[in-house]
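Please open the model in your viewer and keep the selection panel at hand.

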Number of protein chains: 2
Amino acid sequence: MTNTILLKSRPEGKPTVSNFEFVKDNSELEINDGEILLETAYVSVDPYLRGRMSDAKSYIPPFELNKPVQSGVVAKVTASKNDNFKNGDYVSGMLAWKTHQVSNGEGLLKVDGSQAPLSTYLGVLGMTGLTAYLGLNQIGKPVAGETIVVSGAAGAVGSVVGQIAKIIGLNVIGIAGTDEKIKMLKTKFGFDAGINYNTSKDIKADIAKAAPNGVDIYFDNVGGPISDAVLFNINRLARIIICGAISVYNSTETPMSVSVQPFLVKNSALMQGFIVSNYAEKFPEAIQQLSAWLSEGKLTYTETIVEGFENIPNAFIDLFEGKNKGKMIVKI
Amino acid sequence: MTNTILLKSRPEGKPTVSNFEFVKDNSELEINDGEILLETAYVSVDPYLRGRMSDAKSYIPPFELNKPVQSGVVAKVTASKNDNFKNGDYVSGMLAWKTHQVSNGEGLLKVDGSQAPLSTYLGVLGMTGLTAYLGLNQIGKPVAGETIVVSGAAGAVGSVVGQIAKIIGLNVIGIAGTDEKIKMLKTKFGFDAGINYNTSKDIKADIAKAAPNGVDIYFDNVGGPISDAVLFNINRLARIIICGAISVYNSTETPMSVSVQPFLVKNSALMQGFIVSNYAEKFPEAIQQLSAWLSEGKLTYTETIVEGFENIPNAFIDLFEGKNKGKMIVKI
């Protein structure tokens with residue numbers, strides 16, 4: 001039996017469970033030559049999926065209504081007529097929100113659960129880690145001694161960015177939404193300072209205090225008022241990596257912010273949108289480095305694992321309330 | 001007798017003549033060994049000077065109160081005790097708003113009025129031309145067949161940007177504030193299309209119409225609502241050069257705009273502040289190219305020349321009402 005989650009309607013503002021539909025199919029899945037049968041093990045839920053649920057122009061086409069949602073998935077090969085995969089292999093790739101599915105193997109990567117937990121191939125050794133590593137290095141061009149601010153710092157990408165920045169030798173300031181997350185940034189991930197945007201009376205002033213020499217790099221996962229506050233603290237030749245804008249993904253109106261242009265021109269600063277898929281040629285080098293740091297114990301990670309296929313929509317929705325610490329993953 | 005214009009008070013909002021003070025000094029100027037005596041011939045007034053009149057943190061220190069304002073100046077050497085300059089030479093450089101002054105020659109460039117009119121060394125062959133050429137090439141990285149939008153297109157920098165973009169083979173769209181300016185963009189400077197932001201009913205839609213394949217490069221001299229409208233039309237991997245933000249230079253409150261972050265991340269787009277002085281090592285190559293285009297007749301320019309030292313403050317103030325066409329220069 002196959003369970004599938006379809007996009008039933010496009011969210012207006014914050015997504016709700018009613019935007020999704022569960023369907024069951026009792027027919028047996030069959031594979032042809034060249035195909036493999038997959039049983040889903042772990043499903044990644046990510047803020048960027050919100051963009052694909054709208055029909056606005058974007059870098060990847062929107063999800064179609066009444067078709068399965070897709071995201072990063074780790075799955076087990078349970079039958080194979082493809083020479084590249086054998087029964088019992090695990091693979092990762094962009095796959096449908098289905099308990100079982102057939103694939104021709106295209107775009108799938110074999111992953112090894114004995115080298116690292118399977119879930120990490122959706123997180124620190126997957127798109128999350130690649131986004132952190134390549135966004136920071138390709139756009140941020142960090143130099144030891146500089147100061148970086150990371151927003152969404154306790155999230156999947158942010159927590160890895162901060163750790164890599166520490167390895168390189170930066171002063172690392174994280175912004176997150178609870179005292180528990182701030183504590184985790186400092187104790188578990190080695191951030192130098194943390195700012196709780198929910199309790200801070202003046203985020204701009206708190207950043208200035210934590211960054212007495214100003215901010216050279218801002219890794220922006222959130223957009224909105226937090227990013228406005230960072231702008232007032234940037235240095236000459238600052239680099240701002242726009243990796244996400246979770247604070248406005250659910251906006252039903254065009255969001256307004258402090259005008260960035262005067263800050264950029266005054267400081268000869270750079271602001272660039274980052275999408276990891278544009279840097280595919282750098283993936284092997286990045287994964288090698290991330291794996292090395294992980295096995296040397298220089299890099300750690302946090303996962304929020306939710307159990308049960310039926311909980312995928314809720315896990316996704318919870319991202320927008322910051323209920324996850326680190327990578328949000330659903331175990332099937 | 002030497003006339004001098006001091007910054008008397010920092011403008012609040014739009015500058016007024018009362019922010020400046022004229023002082024006269026009847027003493028004879030004397031030069032020591034290594035010095036030259038200069039008589040001011042042309043003074044450049046530029047929007048960026050507004051920034052230096054505030055005491056906010058910026059890329060160059062603010063003007064001091066009760067000290068002379070400085071800008072680009074072409075002056076005649078009337079006495080010399082410096083081997084590098086002789087009586088009758090003309091020089092350009094950052095000099096004080098004074099009719100006469102003494103210099104040690106540092107930072108001054110000899111200019112030749114027989115090769116091009118002296119005023120062009122403050123415009124198309126000076127900072128204006130360098131800003132257009134280097135901003136477009138270093139950040140915009142234009143490719144034949146792409147589409148560029150230029151705001152402040154009839155201004156000193158914008159009109160040169162558009163012409164260079166045409167030479168390279170782009171589809172060039174200019175935005176300006178009067179029908180007369182739009183006509184000039186198309187007839188004199190060869191722009192493909194022009195949009196009058198004062199009469200357009202929907203700037204966003206008008207840009208979409210003039211740029212059916214979307215906007216690859218935006219050369220932004222203005223900021224504010226015009227730049228918001230361009231954002232909705234940018235392509236994947238678009239480059240936005242923030243050269244100026246004249247629409248907000250006189251703001252007394254922090255200006256708000258459409259949030260750029262979602263547009264940048266969706267399109268992997270780049271937005272970068274451009275300050276010409278960061279590219280000094282490219283000046284010789286740029287001036288050579290601009291001079292060649294000028295003498296080949298591929299590049300033309302417009303100047304608004306105001307006469308009289310006493311009119312410098314008014315000429316500067318008029319910039320913010322768009323009273324200039326092309327480079328605004330005061331002839332002494």
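A salt bridge here is a side-chain nitrogen of Lys or Arg within 4 Å of a carboxyl oxygen of Asp or Glu. Select Lys325(A) and Glu180(A): their side chains form one, at 2.7 Å from N to O.

The model is predicted, so local features need pLDDT of at least 70 and side-chain atom pairs pLDDT 80 or more, while totals for chains, interfaces and linings use all residues. Residues are numbered from 1 along each chain as its sequence is written, chains are lettered from A in the order in which they are written, and side-chain values use heavy atoms, without hydrogens and water.

Next, colour chain A by domain: domain 1 covers 2-123 + 302-331, and domain 2 covers 127-277, with bounds from an automatic or database domain assignment. Their contact (heavy atoms within 4.5 Å) takes 18 residues from domain 1 of chain A and 16 residues from domain 2 of chain A. Over C-alpha atoms, the centres of these two domains of chain A are 29 Å apart. Across the interface of domain 1 and domain 2 of chain A, the rule finds one salt bridge.

Move to chain B and select Thr302(B), in the loop between helix H8 (283-295) and strand S15 (303-307); helices (H or I, at least four residues) and strands (E, at least two) are DSSP runs, numbered from the N terminus. Is Thr302(B) buried or exposed? Its relative accessible area is 14%, so Thr302(B) counts as buried (under 20%; exposed is over 50%, partly exposed in between; 1.4 Å probe, protein chains only). Show its neighbours too: leaving out residues up to four places away in sequence, Thr302(B) touches Met184(B), Lys188(B), Phe189(B), Lys325(B), Gly326(B) and Lys327(B).
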